[in-house]
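Hi everyone, thanks for coming.

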Amino acid sequence: QVQLVESGGGLVQAGGSLRLSCAASGRTFSRYATMGWFRQAPGKEREFVAAINWSGGSTLYPNSMTGRFTISRDNSKNTVYLQSNSLKPEDTAVYYCATGSRLRSTRDEYEYWGQGTQVTVSS
């Protein structure tokens, strides 16, 4: 099993920044796993935010997220990060990290999920 624990969410004013963390552990967790971030706002489907391959040498973002969100990882700590800048009220959502085997943007590619961390951006 793999456990993913997100942290770093909270309330921030529009234009502010947050750094989310996701710590991975578990007997079957592989340091070679792709890590991804998704988010889900109330009443909306879960959407892809960013992903990073095992080495950190390749990243993937949807066009709408490019420039404001940066994913990174520290394999020595089994932790992936999401730096979120210039936050907008529409970024308010629960942010989830997930692990998979390929650098993809679709939910089905990710096998294990964390419980999520709430990000609220006030106007």
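Strands themselves are DSSP runs (E, at least two residues), numbered from the N terminus. This is a predicted model, where local features need pLDDT of at least 70, side-chain atom pairs count only at pLDDT 80 or more, and totals for chains, interfaces and linings use all residues. Residues are numbered from 1 along each chain as its sequence is written, and side-chain values use heavy atoms, with hydrogens and water left out.

Strand β2, residues 10-13, pairs with β11 in the parallel sense, over four bridges. Look for glycine 10, which sits opposite valine 119 in β11. β9 runs antiparallel to β11, joined by three bridges, and there valine 94 is opposite glutamine 118.

Buried here means under 20% relative accessible area (1.4 Å probe, protein chains only).

Now, the disulfide, meaning a pair of cysteine sulfur atoms within 2.5 Å. The structure has one, between cysteine 22 and cysteine 97, with the sulfurs 1.9 Å apart. The pair links distant parts of the chain: cysteine 22 is in strand β3 (residues 18-25) and cysteine 97 in β9 (residues 93-100), 75 residues apart. The link is right-handed, with 45° about the S-S bond. Cysteine 22 counts as buried because its relative accessibility is 0%, and cysteine 97 is buried too, with a relative accessible area of 0%.

Methods: Buried means under 20% relative accessible area, exposed over 50%, partly exposed in between (1.4 Å probe, protein chains only). Two strands pair if DSSP finds at least two bridges between them.
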